[in-house]
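I set out to record what I looked up in this structure, entry by entry. The sequence and the model come first.

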Amino acid sequence: MNRITMTLNVDDLIKMALQEDISSEDVTTNAVMRKAKKGQADLLCKQDGIICGLEVFCRVFTLLDEDVVFDLKCKDGDEVKNGQLLGTVTGDIRVLLSGERTALNYLQRMSGIATCTHQVASLLKGTRTKLLDTRKTTPNMRIFEKYAVKVGGGYNHRYNLSDGVLLKDNHIGAAGSVTEAVRLAKEYAPFVRKIEVETENLDMVREAVDAGADIIMLDNMSVEQMQEAIRIIDGRAETECSGNITGDNISKILSLGVDYVSSGAITHSAPVLDVSLKNLHAL
């Protein structure tokens, strides 16, 4: 994340997280540390994975005290190992104690998503198919989680509802048909927006192609259905498959040559990567 992104889009979210954890004071830290004292702690990895969120981790502390100093031994996207020293944090011990949990929450969550994404993306290596995320993200965490997907080797689908047209089953139901939904979208949306249609069967695929959809999502279809859908589309739209994508069946899906595979699981079900701040001591 660059400094502009951090300042405009991230700082306020981090402050909200800190306010959630420190509503009035850190009573435990204030009890044992009555005045400022310089200290240092080690950032340790306790699990193999892909590290992500180091800048956010650091920003938590510098929002509390701009004089905190970091000596990082790795960067976002690096593979890290259990027991590896990722860096050190030096500053007022009270700041290190009060910011520790919030900083680690971001780092562990983002690293977990990057690790999960990397594992799935590695299955696509050597193919034309790109791994996409979805909007199935934690509230107020989307900017962090979608960044983690990119660090892990995936690609971002639309960021939010203002970012693109995706006609799902309920939009189609509201409009009355695929054809009418696409017509209305073309009439309303800026011409620079691509129009994607979620389809659940081959009849919907045919209708979406005829209506001029730019991208057709094949949702929860069998491999055989997707094979026939791609034949029907015949290059007239980009293709995305979604739903029930697993490591066991992904090789069959990739053989079809779809443009994109989207997965909500890489954000909503990724386990955190175990990272700790240890060995705090006064200097």
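**Entry 1: conventions.** I note that this is a predicted model, in which local features need pLDDT of at least 70, side-chain atom pairs count only at pLDDT 80 or more, and totals for chains, interfaces and linings use all residues. Residues are numbered from 1 along each chain as its sequence is written, and side-chain values use heavy atoms, with hydrogens and water left out. I take helices (H or I, at least four residues) and strands (E, at least two) as DSSP runs, numbered from the N terminus. I call a residue buried under 20% relative accessible area, exposed over 50% and partly exposed in between (1.4 Å probe, protein chains only). Contact, or touching, means heavy atoms within 4.5 Å.

**Entry 2: the cores.** I looked up nonpolar cores, that is, sets of buried Ala, Val, Leu, Ile, Met, Phe, Trp, Tyr and Cys residues joined through side-chain atoms within 4.5 Å. The largest one has 49 residues, and Leu43, Phe57 and Phe144 touch the most other members. Elements that each supply at least two residues include helix H1 (3-21), strand S1 (38-45), helix H3 (54-64), helix H4 (93-123) and strand S12 (275-282). The largest share, 11 residues, comes from H4. I then followed Phe57: beyond its neighbours within four places in sequence, Phe57 is in contact with Leu43, Phe70, Val89, Ala103, Leu104, Leu107 and Leu277. Another core, of 30 residues, lies apart from the largest one and has Val178, Ala181, Ala189 and Leu256 among its members.

**Entry 3: helix H8.** I found Leu202, Met204, Val205, Ala208, Val209 and Ala211 buried in helix H8 (residues 202-211). Their cover includes helix H6 (169-175), helix H7 (178-188), strand S8 (195-199), strand S9 (215-219) and helix H9 (223-233). At the N-terminal end, Asn201 caps H8, with a side-chain oxygen 3.1 Å from the backbone nitrogen of Asp203. After H8 comes Gly212, with a positive phi near 90°.

**Entry 4: H7 against H8.** I fitted axes as lines to C-alpha atoms, for helices over the stretch in contact, with angles running from 0 to 180 degrees between N-to-C directions. The axes of H7 and H8 come within 9 Å and cross at roughly 30°. The two helices are therefore roughly parallel, a label for angles under 35 degrees. On the H7 side, Val178, Thr179, Val182 and Lys186 make the contact, and on the H8 side Met204, Glu207, Ala208 and Ala211.

**Entry 5: positive phi in loops.** Asn140 lies in the loop between strand S6 (130-132) and H5, and its phi is near 65°, although Asn140 is not a glycine. I list Asn140 as exposed, at 53% relative accessibility. Asp234 lies in the loop between H9 and strand S10 (238-242), with a positive phi near 50°. Asp234 is exposed, because its relative accessible area is 59%.

Entry 6: Is Thr239 buried or exposed? I found Thr239 in strand S10, and with a relative accessible area of 5% it is buried. Leaving out residues up to four places away in sequence, Thr239 touches Ile216, Ile233, Val258, Asp259 and Tyr260. Thr29, in helix H2 (residues 27-32), is buried at 5% relative accessibility. Beyond residues up to four places away in sequence, Thr29 touches Arg94, Leu97 and Ser98.

Methods
A polar contact is a pair of N or O atoms within 3.5 Å; within protein, one must be able to donate a hydrogen and the other to accept it, and residues adjacent in sequence count only if both atoms are side-chain atoms. Angles under 35 degrees count as roughly parallel, over 145 as roughly antiparallel, 65 to 115 as roughly perpendicular and the rest as oblique.
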